[in-house]
Amino acid sequence: MQTLEYSEFSEVLHERFQGKRVPMDVSIEVTRRCPLDCLHCYNNLPMGDQAARLAEMTLAEHCKLLDELVAAGSMWILYSGGEIFARKDFLEIYGEAKKRGFLITLFTNGTLINERIADYLEKFPPFSIEITLYGATRETYEALTQSKGSFDRCMRGVELLMARGLPLKLKTVPTSINQHEVYEMKSFAENLGVEFKFDPLVNPRIDCSQSPLAIRLTPEEVVALEFFDEKRKAEYRRLAEQDLAAGRPEAAGDATRYSCGGGVNGCAIDPTGTMSICVISHQQGYNIREGSFREGWEGPMREIRAQKKTRPSICDECQIQSLCSMCPANGELENGDAESPVEFLCQVAHLRAYALGFAVPEHGECACCKDAGTHAGLMKAAGRIAARAGERTEWVERKAPLPVLNVLRGGTTRTAACHSCSAH
């Protein structure tokens, strides 16, 4: 049998389905219940929320969905929450997906992973497991999760997965509470030999609460944190050069509202069976319990994806769109309107460009480009970021470090002392 590296396999599939509308990649939220109460989270509910539990799709409904996904040509599934292991039957759901041959990624906080779960995943390994860290110290971690003992439970989960050689990745969401420990978390991941990433763009809750924004970083803090990583900074430079060289985007009177892959090669399904363009877009959708995945995909998802913009915006002619995270779903969450630009994201994108030394061509009534708006403040922030580049030693000096885990990838025991951190 011929074997291919995953990158080659993925490229072959994307070439085969290029130009075709196939739901290759589906995100499934199995629950919104979670043992943690993270201050920045956009969709968590208490573990004991019985109304939420009773509203969740059953195991039988998940099996029906999986059969429909097979028929629709889906290949990748992302299982997320809430916390996926808050469902006592999650391994049964996961096992049914494995039987059908899906490539599966699991998003978890790791705090509910025990030996039984780890052993099952070792026997039937997923394509990837991503655990979110909330701090490099117990104090910081639990200040964000508001759950005593959660730090130790997470570390135990990481250790159990590492000991079994499972495909683990670590990540974090920088906030005003844990930003000073992001690079300590990165070093922890590197010492384990696993990939690490972070995304500092916190969203409002899907129930319309703006509470997570209270701990969202300022645009200056976001860019300063990102540009401390030279590789990340270089990638933003490449994107800016590419965008600016391409010139002003052509005006399109019949432009569609969505430009992502949502509704074209993927979609999301929430715990109650509601199908939407993506996990954070909830103003429009279709409940598969009222019909089928195929009906939702060929009907409402096709219609939502084809919707036209109803008015022009400052985003239309912006020449640094690759530096910006603006999308209709972000507009919905923050402004209640899919076509309303999010000021915070606009400021972050412009500050990335200014901190790299690029001038951004004016595009309509953009306050970030106008002297009367936020332009002057962003330019000053860019100067401060450049002046402190590479000097944030407080981000890498360990004061109360993460514990040494006595395993490396594949379960190999450490035979020498770890020089980058001390015992728990």
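Buried means under 20% relative accessible area, exposed over 50%, and partly exposed in between (1.4 Å probe, protein chains only). This is a predicted model, in which local features need pLDDT of at least 70 and side-chain atom pairs count only at pLDDT 80 or more, while totals for chains, interfaces and linings use all residues. Residues are numbered from 1 along each chain as its sequence is written, and side-chain values use heavy atoms, with hydrogens and water left out.

**View 1. The salt bridge between Arg-289 and Glu-61.** The closest N and O atoms of Arg-289 and Glu-61 are 2.9 Å apart; a salt bridge is a side-chain nitrogen of Lys or Arg within 4 Å of a carboxyl oxygen of Asp or Glu. Arg-289 sits in the loop between β11 (286-287) and α11 (293-305) and Glu-61 in helix α3 (residues 59-72), so the pair ties together parts that are 228 residues apart in sequence. Helices (H or I, at least four residues) and strands (E, at least two) are DSSP runs, numbered from the N terminus. Arg-289 is partly exposed, at 37% relative accessibility, and Glu-61 is partly exposed with a relative accessible area of 27%.

**View 2. The salt bridge between Glu-334 and Arg-216.** The N to O distance of this pair is 2.8 Å. Because Glu-334 belongs to helix α12 (residues 328-335) and Arg-216 to the loop between β8 (195-198) and α9 (219-227), the bridge ties together parts 118 residues apart in sequence. Both Glu-334 and Arg-216 are buried.

**View 3. The salt bridge between Glu-226 and Arg-352.** Here the side chains meet at 2.7 Å, N to O. Glu-226 is in helix α9 and Arg-352 in helix α13 (residues 343-355), so parts 126 residues apart in sequence are tied together. Glu-226 and Arg-352 are both buried.

View 4. Ser-276 counts as buried because its relative accessibility is 4%. Its side chain reaches the backbone oxygen of Cys-278 at 2.9 Å. Not counting residues up to four places away in sequence, Ser-276 touches Cys-267, Ala-268, Ser-281, Gln-284 and Met-301; contact means heavy atoms within 4.5 Å.

**View 5. A network of salt bridges.** Arg-21, Arg-294, Glu-298 and Arg-302 are linked in this network. The structure holds 32 salt bridges. The protein chain has 14 helices and 11 strands, and buried residues make up 49% of its 424 residues.

Definitions and conventions
Polar contact = N/O pair within 3.5 Å; in protein donor to acceptor, adjacent residues only side chain to side chain.
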